[in-house]
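Here is a short briefing on charged side chains and how they pair up. Have the sequence and the model open beside you as you read.

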Amino acid sequence: MPLPETDLDARLQAILRAFEGVEAPLLEILHAVQLEFGHVPEGAQRQIAEALNLSRAEVHGVVSFYHDFRTEVGGRHDLKICRAEACQSMGGEALARQAREALGIDFGETAADGSVSLGSVYCLGLCACAPAAMLDGTPVGRLDGPQLEALISETRR
Amino acid sequence: MTVTIFVPDDSGALAVGAEAVCDAIRRESATRGADVRLVRNGSRGLYWLEPMVEVEIDGRRFAYGPVTPADVAGLFDAGFPDAGSHPLSLGPTEDIPFLERQTRLTFARCGVIDPLSVADYERHGGLAGLRAAAAMNASEIVETVTASGLRGRGGAGFPTGIKWKTVLEAKGARKVIVCNADEGDSGTFADRMIMEGDPLVLIEGMAIAALATGADQGFIYIRSEYPHAIAKIRRALVAARQSRMIGPSILESGHGFDIEVRVGAGAYVCGEETSLLNSLEGKRGVVRAKPPLPAHHGFLGRPTVVNNVISLASVPVILAKGADHYRDFGMGRSRGTIPIQLAGNVRRGGLFEAAFGMTLGEIVDDIGGGTASGRPVKAVQVGGPLGAYFPRSLFDTPFDYEAFAARDGLIGHAGIVVFDDTADMLAQARFAFEFCAIESCGKCTPCRIGAVRGAETMDKIRRGEDVEANTALVADLCNTMKFGSLCALGGFTPYPVMSALRHFPNDIGRKPAAEAAE
């Protein structure tokens, strides 16, 4: 569902104003926009480009380069499972399978009911408490099957 | 009498329930009317014991762990804070063998102090380095760092003093200090620990770098996967400004320098210094060809120092205690100490800072205690996703930049990931290609296309198609990637791939575990 233009406008302009005078602010602006809207809407990219005197292609190029930025609305919750080596050594891939099966979606997708987006992350720096995951910015270590099940049901509440 | 209790506010401790333990202690002490002061310290790095709670009795710290919220009432029943007989009691913290055997220079305060208290920081030796630096001229500071033998702890091992000298001598109206806190290597968490447990030491190190090079602008580029470290550093910067560690005049020296936090956006390649600079400038994190060096032409064309967190955090102790003190630790051309991170399937996982020179076997078997699963150690990957897999037969390799290079490996950021005998090394080799394909910035062909073709060829080997010819093809591809890539992502992916194939030939013809079980 696209946001009403006027609503997007006012909130976006406030963000752009907050970064006036900051050197090379594009990434910071995109983070702020994603925090505000849950994603970086197409319309916002156009206005950011204008404000920073960049081409739309340049802004699009940056948005699409980084794994963090999404151009579609995500789920209400954000579940990230670490897929890197330290977690692999502790059975992380079995948990990745479990998450995929329990939610019926693949990594990079959002559940049909909009409850949760499932993501891969390559290292949370919790490698001495592997396997690890992060739910809405909260780190979880020494994750096991039942705990993952509990995390997933938390996202459905 | 007020009793001080320490509960770590470190991501690793929080991930295993430190917040709930802290709440339980608060509740329990309120119920019992105990006079308690709670300090949220960093982690000591003994992660298998986290959440590790400490109490201070007569100036001495005693540890308990791993503590769950359910244990808290029992601890108080046993006489907590002074509950030495409780099964979770670990005795005096400093006497725990894992800590006692370390040489903590860079991590001296991590887990000890309140990370955001400048007074606490100073009481434990903080600011001595910056004060010493403020009394020197720029080239004296650079000479001290050069004489210490400090090499870049991010992985490349380039002498820090030489990098600083280049920036000092470069012409430019503005110069910049960039701290690379894009710690993306699996198995590493030293940067995160210091940013959460002793952020002021990093800020002090950057301020010293500014005095040494004439820089007035600083950035800490932190990966977005570290929200807790980002928040801590932001608060520490406020405290540092208040106490004039940074700001219009560092310790009234007349030299102005301030630091901004910038947040990454989930791109592993941005740990590479030129791609980091592009990202900092708000561009795609694409690698730049060198020359020009960042030291001459870095952030927005300004002469720029790009140093890893641990390199910068090691500078204050060098200035405070002298170059000799630091250089006297270590072996060969690897001087000083290195914070080794034990991770993955290891019994005692955590941070172990020691002088260079211990053997890999000592670190994994003796310090780490072997695997967490109790099964035999099959392989260790040293230096992150671009590091080689070493079998037990190479466990006599000393932890030293040159010794690892001589055996086709690398120390990298000093993370060690342990695998037990259930590991499938063909799958690990394939993953190295897959990871490279996911994270490639796309600038150069060997990395962008080679990674994809490599993963496909590994799948053919897995299916048993022309195993010999395809293995030779992978070796050839690795050679192209190694010599034809601009940066370490494409250039070092061959390390995990080739080491897995070379050292674990029995895994090459093996069927995947799921199929074999059917």
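Is D324(B) buried, partly exposed or exposed? D324(B) counts as partly exposed, at 44% relative accessibility, where buried means under 20% relative accessible area, exposed over 50% and partly exposed in between (1.4 Å probe, protein chains only). This is a predicted model, in which local features need pLDDT of at least 70 and side-chain atom pairs count only at pLDDT 80 or more, while totals for chains, interfaces and linings use all residues. Residues are numbered from 1 along each chain as its sequence is written, chains are lettered from A and ligands numbered from 1 in the order in which they are written, and side-chain values use heavy atoms, with hydrogens and water left out.

**Salt bridges overall**
- Over all chains, the structure holds 45 salt bridges (a side-chain nitrogen of Lys or Arg within 4 Å of a carboxyl oxygen of Asp or Glu).
- One network of salt bridges links R44(B), E54(B), R61(B) and E94(B).

**Pairs within a helix** (a DSSP run of H or I, at least four residues, numbered from the N terminus)
- D324(B) forms a salt bridge with R327(B), at 2.6 Å from N to O.
- These two residues sit three apart in helix 14 (residues 323–327) of chain B, about one helical turn.
- R327(B) is partly exposed, with a relative accessible area of 30%.
- E196(B) and R192(B) also meet in a salt bridge, at 2.9 Å from N to O, and both are buried.
- E196(B) and R192(B) are four residues apart in helix 9 (residues 190–197) of chain B, so about one helical turn separates them.

- The side chains of R262(B) and E260(B) form a salt bridge of 2.9 Å, N to O.
- R262(B) is buried at 4% relative accessibility, whereas E260(B) is partly exposed at 33%.
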